[in-house]
Amino acid sequence: MLNNYKLSDYLLDVVNYMGANDIFGVPGDYNLQFLDHITHRSDLNWTGNANELNASYMADGYAREKGFATFVTTFGVGELSAINGLSGSIAEHVPVLEIVGAPTNNVQNNGSLVHHTFGDHKFDRFEKAHRQLGIKAVKLNSEHAIDQINDVAKYIYETKKPAYIILPTNLVEMEVNQSLKNDIPSLFINKEINSDKAFNQIKSSINNSEKPVIIMGHEVDRFNVFDDIKAFSSNNNIPILDLGLGKGNIDESFANFVGTYNGQISDESVNKYVENADTVILIGAKLTDSVTGGFTQQFNEQNTIVLNYENANIYGKSVDEDYDFKTIMSYLSNAKLDLSLPEIKDENDKLEVKPSDNKLTQSFYDNAVRQFTSDNNTIVAEQGTSFFGLASQRLPEGAKFFGQPLWGSIGYAFPAALGNQIANKDRRVVLSTGEGSLQLTIQELGLAFREKLNPVMFVIDNSGYTVERVIHGMNEHYNDVPKLNYGLMPKAFGAKDDEYDFIEASTENELIDAMSKAKEEKDKLVLIQVNMGMKDVPEQLAKTAKAFADQNK
């Protein structure tokens, strides 16, 4: 017997069960009826954005904390605005669902010349565009809508990759059997997979090595396997490093953690572990140019064991077909090898920052942010001086970190930081971005005050696109940006006097004082303008930029 339970309700029940309690997006006439189903619920929050691109960035940041996120756009104009952000989620393996409100199936089947189309009778262009990018795309139909939704949900749960659902307006109010809701938990049951053959191959290969080292990537976080790796390392005294793409996946105060690796341009204390290793165990990693010092990693296929979600190989040869990533990680957590490796001695203790009245430098700033960071902070670093300066800093126990070093979309970090803060308001996000990047997505400052968020925002003002300057065009005007007055921004975006603090810092002492004040003002958004020289860049960025410039020749 049917009742007043609609397809939209079922879709939202699935979304809610997967952990997305906040839904981002922008209203449009093809999704308005669906939005009613969100706003009329007590267990979901609608968080409207200034534009669809920002919504996709915010969902990405939210998913990195909660494990899943959802945002809603309208057909054509909305989804194309968001496609850049969703592409970043596919590139960096972030589980995000986009729901697109679309014209009715009849309108689409008839090829009617409606708005938000090219006026050419073709309605599948945008779906094809998403498929071409490797994003799972489904257009719901009345006969199979429940099965289609379930298929997408299981795909996201199992792969941790983004997906895209087209919801025609004529299906929004379609009645479905409410008892279907009871079956939702059964969609997300972990499969027990026997991977004994693959595990024995992997274990035997590591046993035959003398100086193994583990390098972790982003999939460690997506599949929540860092505790397994930590146990494996502890049981066998194997050093662990992470990459910038995946940094913050593990407690970096862990005794066997020896640093963040970035190819040959890493700190010498980090480099030696990789240089001296006879076997490098890559877990859930992608060796991109921006996290390997421009492909200067000191290992190759002949001495590498690769364990990723989709595949695994040992010294260039595939492991047995029974390989399953999560199962292998579970097996490794209990594995005792025949190795006799020495106790790892931590050589990365950082000295306390001692400020003076000297002008701020990038080096001082990076160390000061490290010292400022506490166990309850998540650092979000914009690609550029922020990311390359902070990715090599050691995090305290409990602290988290992320950027977007593979996709590297300018302006990503600010909305991603806000999304991350919404996902867990008990943690405090610390954003480090540049004034060039911030101008692309600063529209969401109004959302930050509307939602009463309290991040600490460090805005590095160094006269333009510094990361681009060091790649090419140091003094060219195309790398300049408008000079904005950040002190006026909060009120312009609706903030009350007691909801924010703006502080400008140009010297070391001013920065440390601003940080002390930010720690005290826990219930405010604190915006700190950090003034630095135009040509002052982190050492690792300078070296990486040279590699990027050489690639472009």
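Is asparagine 224 buried or exposed? Asparagine 224 is exposed, with a relative accessible area of 53%, where exposed denotes over 50% relative accessible area, buried under 20%, and partly exposed the range in between, computed with a 1.4 Å probe and protein chains only. The structure is a predicted model, in which local features need pLDDT of at least 70 and side-chain atom pairs count only at pLDDT 80 or more, whereas totals for chains, interfaces and linings use all residues. Residues are numbered from 1 along each chain as its sequence is written, and side-chain values use heavy atoms, with hydrogens and water left out.

Asparagine 224 is placed in the loop between α9 (219-222) and α10 (226-236), helices (H or I, at least four residues) and strands (E, at least two) being DSSP runs numbered from the N terminus. Although not a glycine, asparagine 224 has a positive phi of about 55°. Most residues other than glycine have a negative phi. A positive phi of about 55° is also found at lysine 452, again not a glycine, in the loop between α17 (445-450) and β17 (456-461); lysine 452 counts as exposed, at 65% relative accessibility.

Helix α1 (residues 7-17) is largely enclosed by the rest of the structure, because 10 of its 11 residues are buried. Just after α1, glycine 19 takes a positive phi of about 115°.

Phenylalanine 502, in strand β18 (residues 500-505), is partly exposed, with a relative accessible area of 23%. Apart from neighbours within four places in sequence, phenylalanine 502 is in contact (heavy atoms within 4.5 Å) with Tyr486, Gly487, Leu527 and Gln529. Phenylalanine 502 and threonine 433 are 69 residues apart in sequence, and their C-alpha atoms are 15 Å apart in space.

On the surface, Asp357, Glu504, Glu510 and Asp513 gather in a patch of negative charge, a patch being made of residues with over 30% relative accessible area and no salt bridge, with like charges joined within 9 Å. A salt bridge is a side-chain nitrogen of Lys or Arg within 4 Å of a carboxyl oxygen of Asp or Glu.

Definitions and conventions: Patches are made of residues with over 30% relative accessible area and no salt bridge: like charges are joined within 9 Å, nonpolar side chains (Val, Leu, Ile, Met, Phe, Trp, Tyr) within 5 Å. Accessible areas come from the Shrake-Rupley method with a 1.4 Å probe; for residues, only the protein chains shown count as cover. Lys and Arg count as positive and Asp and Glu as negative; His and the chain ends are not counted. The place of a charge is taken as NZ of Lys, CZ of Arg, CG of Asp or CD of Glu.
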